[in-house]
Amino acid sequence: EAKRNRWLGQLILRQPLSHWVLTWCAIAIVAAVIVFLSIGEYAQKVRVEGQLVANPGLVEITAPGEGVMMSLRYREGDRVERSAIVGELRVVQPDRSIRTLPLRAPQAGRVTASIAHAGSAVVAGQPLLALLPDNAVLEAELYLPDRLLESSAIGDEVLLRYPAFPHQRYGQYRGRIARIAGSPMHTPQTAAAGVANTIGDPVYRAVVRLERQTVRSDRGTSQPLRPGLRIQADIVMEKRRLYEWLLVPFARLRERIAG
């Protein structure tokens, strides 16, 4: 039978070129997925809140006595030199005489808040102006729940967002943990600091050094950061390879079977 059909020629099995292309593409995709699962990482993050603080802190110019503000020469955003006269206060002396006192800046800085205005009555010790010293550096003060202490350490990187500057336009910024308090802040302290702590758990104050003292929009405009701005930060709790996250359910199932 074989000799009778020999005139048909030799049997050749051929596959179209498209089959080989699809086969190699499938192999390449599988190899890429394996490499991605082996190299790629996934970080579990927890969002915490806080605020910006100045180090050293703000300097307040207060009223030396009870009286009436005659003038204020500086407004928010203005820079003040050391010993410069920022305003004048008219006070009434015990002998009923009227005296005008100059108000001087204790150090150079920038006005961040103007509390009083010309013509307003003030009492002794009332804050009139707040200055941010020239040597001041803004830091992020975050409030960590106790469950984050194990995964948070000095030097860890933190991603920061400022609600006053939407991250859709201004992006997010980096910082590193510089200090973590050794004792917790309880509910009354967190309420005074403006921290949402509805469950009443203690939190720990963490100070983060900022990578930048300004924010920059997608249009290229820069805005200076100011003390008191609210912060939202992402703290990395755990970082694993992607394949390790995929194997977690199997590890838990094995533990249950072994238990």
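The largest nonpolar core of this predicted model comprises 27 residues, and those with the most contacts inside it are Leu-52, Leu-142, Val-158, Leu-160, Tyr-162, Leu-210 and Leu-225. A nonpolar core is here a set of buried Ala, Val, Leu, Ile, Met, Phe, Trp, Tyr and Cys residues joined through side-chain atoms within 4.5 Å; buried denotes a relative accessible area under 20%, exposed over 50%, and partly exposed the range in between (1.4 Å probe, protein chains only). At least two residues of this core are supplied by each of β1 (41–55), β10, β11, β12, β13 and β16 (230–241). Strands (E, at least two residues) and helices (H or I, at least four) are DSSP runs numbered from the N terminus. A second, separate core of 18 residues includes Val-59, Met-69, Val-86 and Leu-128. In soluble globular proteins, nonpolar side chains tend to be buried together.

Residues are numbered from 1 along each chain as its sequence is written. Local features require pLDDT of at least 70 and side-chain atom pairs pLDDT 80 or more, whereas totals for chains, interfaces and linings use all residues; side-chain values rest on heavy atoms, with hydrogens and water left out.

Contacts (heavy atoms within 4.5 Å) were examined for individual residues. Apart from neighbours within four places in sequence, Leu-142 touches Val-48, Glu-49, Gly-50, Val-158, Tyr-204, Arg-205, Ala-206, Val-208, Ile-231, Ala-233 and Ile-235. Glu-139, which lies in strand β10, is buried because its relative accessible area is 8%.

Strand pairing requires at least two DSSP bridges between two strands. Strand β12 (residues 173–180) is joined to β11 (residues 157–161) by four bridges, in antiparallel orientation, with Leu-160 opposite Tyr-173. Five bridges, also in an antiparallel arrangement, connect β12 with β13 (residues 203–210), where Ala-206 stands opposite Ile-180.

The largest pocket has a volume of about 370 Å³. Among its 17 lining residues, Thr-112, Leu-132, Leu-225, Arg-226 and Pro-227 are closest to the centre. A pocket is an open set of points on a 1 Å grid over the protein atoms alone, where a 1.4 Å probe fits, with protein on both sides within 12 Å along at least five of seven lines; lining residues have an atom within 4 Å of a point. Grid points are joined across faces, edges and corners, and the volume is the space filled by probe spheres set on the points. Strands β7 (109–114), β9 (127–133) and β10 (137–145) each supply at least two lining residues, and the largest share, three residues, comes from β7. The lining has ten nonpolar, four polar and three charged residues, where Ala, Val, Leu, Ile, Met, Phe, Trp, Tyr, Cys and Pro count as nonpolar, Asp, Glu, Lys and Arg as charged, and the others, Gly among them, as polar.

Two loop residues were also considered. Arg-75, in the loop between β3 (67–72) and β4 (79–80), is exposed, with a relative accessible area of 65%. Ile-154 lies in the loop between β10 and β11 and counts as exposed at 61% relative accessibility.
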